[in-house]
Amino acid sequence: MLALTAPLKDRLVLLPALTGWDVRTGTEHADRSLLPAVDVRCNGASVADGRAGACMVAPEWTVTLVVRRSATAADELDAAFAAVFESLHNWQPGAHGGRGWEPLRLQRVTEPAFADDGLVGCELTFITGARYMGQQ
């Protein structure tokens, strides 16, 4: 499921609305102080349909948008939110990591908790799924 890390990042890097934003993932070494920023990571997965031999694994991918608090912060986040939603909602990643992935669907939007009081953001959580085969 982590094979989707690079395709997700690559897709977001190309968005004109995110020009100048530091797009990074939770698995790479990055300077996390650079702002504005987009952080992409898999925070877990649900498992369904655990019949003998296979399971449907549905990872949750979060895209966290972060800016410094300012008079323009809401507008910056709103434009970034719209661009990320339009790019990822219903996008089908295709085959990665040896399996075909279902289209991403937005599941929820939350406000992330930051240790730095001067930061503000929003977190979009998308879900997808793929079948993993085990022993027969």
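Tutor: Buried means under 20% relative accessible area, exposed means over 50%, and partly exposed lies in between, using a 1.4 Å probe and protein chains only. The model is predicted, so local features need pLDDT of at least 70, side-chain atom pairs count only at pLDDT 80 or more, and totals for chains, interfaces and linings use all residues. Residues are numbered from 1 along each chain as its sequence is written, and side-chain values use heavy atoms, without hydrogens and water.

Student: Why is Tyr132 called partly exposed?

Tutor: Its relative accessible area is 22%, and partly exposed covers values between the two cut-offs.

Student: What makes Trp101 buried?

Tutor: Trp101 has a relative accessible area of 2%, and buried is under 20%.

Student: Why is the pair of Trp101 and Tyr132 edge-to-face?

Tutor: Rings of Phe, Tyr and Trp (its six-membered ring) pair if their centres lie within 6.5 Å; planes under 30 degrees apart are stacked, over 60 edge-to-face, the rest tilted. The centres of Trp101 and Tyr132 are 6.4 Å apart and the planes are at 70°, so the pair is edge-to-face. Trp101 in strand 5 (residues 99-101) and Tyr132 in strand 8 (residues 130-133) are 31 residues apart. Strands are DSSP runs (E, at least two residues), numbered from the N terminus.

Student: How many aromatic pairs does a search of the whole structure find?

Tutor: The search finds 1.

Student: What lies over the face of Tyr132?

Tutor: Arg99 does, at 3.6 Å from the ring centre. The criterion is NZ of Lys or CZ of Arg within 6 Å of the ring centre and within 35 degrees of the ring normal.

Methods: Helices (H or I, at least four residues) and strands (E, at least two) are DSSP runs, numbered from the N terminus.
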